[in-house]
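Subject: Structure for your review

Dear colleague,

Please find below the structure that I am handing over to you. My findings follow it.

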Amino acid sequence: MAQGISLIVGLGNPGAEYAETRHNAGFRFLDVLLDATGERLRNESRFSANVGKLTVSGKDVWLLEPQTFMNHSGDAVLRFAHYYKIPAAEILVVHDELDLPPGTVRLKIGGGDGGHNGLVDVTGKLGTSDYARLRIGIGHPGNAAQVVSYVLKKASSAEQTLIDAAIVSAKAHFADVVHGQFQKVMNSLHMHKS
């Protein structure tokens with residue numbers, strides 16, 4: 001798996017009413033990556049996604065924001081990966097994670113979807129769960145019945161500050177992730193307690 005990452009998918013819901021919600025942590029991560037570069041994502045209707053590209057320490061990496069709503073995210077990922085012949089092992093999906101507190105970010109390779117509708121769809125469409133995930137902690141409302149309204153609301157300003165700090169700390173490891181230094185990044189992120 002040392003080939004690294006060729007495609008980074010940020011999960012979220014399109015539209016201004018969702019822009020600041022917890023569920024859009026993946027979109028927010030891509031925004032932070034792009035902030036300093038002057039690059040912008042552009043809409044590509046054939047993929048139902050916003051698409052961009054960055055060069056990270058000499059390696060080109062695609063950025064993808066599906067515009068299909070969360071539970072159909074896999075459509076855009078599959079079309080894009082198929083078109084550019086990107087194997088699942090070279091895909092990183094960035095998403096909000098209920099099981100981690102705000103301020104925490106973790107890198108994970110493969111595994112289950114934790115009931116996250118975006119991951120459920122990506123795994124289903126790709127036919128495999130063998131892709132990398134960057135899990136951005138948003139905390140849990142404490143009651144399963146409240147999860148949907150919780151992820152579709154804005155975090156409190158204190159929580160959002162923690163989430164944004166976690167995104168910035170993840171960005172610091174971005175080059176290592178892209179170049180396949182997964183264990184190194186996992187060790188760093190797991191040691192880092194906000």
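The model is a predicted one.

Sheet. Seven strands make up an open sheet of mixed pairing, ordered E2-E3-E4-E1-E5-E7-E6. Strands E2 (42-44) and E6 (105-109) each have a single partner strand and stand at the edges, so one side of each is left without a neighbour in the sheet. From one strand to the next, the twist averages 30°. E2 runs antiparallel to strand E3 (residues 49-56), and 3 bridges join the two; Arg42 has Val51 in E3 as its bridge partner.

Helices on the sheet. Helix H3 (residues 117-126) packs on the sheet, where it touches strand E5 (91-97) and strand E7 (132-137), and its direction makes about 155° with that of E5. Helix H5 (residues 157-171) also packs there, touching E6 and E7, at about 150° to the direction of E7. At 1.5 Å a residue, the 15 residues of H5 should span 21 Å, which agrees with the 21 Å between its end C-alpha atoms. The buried residues of H5 are Gln160, Ile163, Ala166, Ile167, Ser169 and Ala170.

Nonpolar cores. The largest core has 35 residues, and Ile8, Phe29, Leu92, Leu107 and Leu134 have the most contacts inside it. Helix H1 (residues 25-35) gives the largest share of this core, 6 residues. Leaving aside residues up to four places away in sequence, Leu134 touches several residues, among them Phe29, Leu92, Leu107 and Ala170. A second, separate core has 21 residues, including Leu64, Ile86, Leu119 and Leu126.

Yours sincerely

Notes
Residues are numbered from 1 along each chain as its sequence is written. This is a predicted model: local features need pLDDT of at least 70, side-chain atom pairs count only at pLDDT 80 or more; totals for chains, interfaces and linings use all residues. Side-chain values use heavy atoms; hydrogens and water are left out. Two strands pair if DSSP finds at least two bridges between them. Helices (H or I, at least four residues) and strands (E, at least two) are DSSP runs, numbered from the N terminus. Axes are lines fitted to C-alpha atoms, for helices over the stretch in contact, and angles run from 0 to 180 degrees between N-to-C directions. Contact means heavy atoms within 4.5 Å. The expected span of a helix is 1.5 Å times one less than its number of residues. Buried means under 20% relative accessible area, exposed over 50%, partly exposed in between (1.4 Å probe, protein chains only). A nonpolar core is a set of buried Ala, Val, Leu, Ile, Met, Phe, Trp, Tyr and Cys residues joined through side-chain atoms within 4.5 Å.
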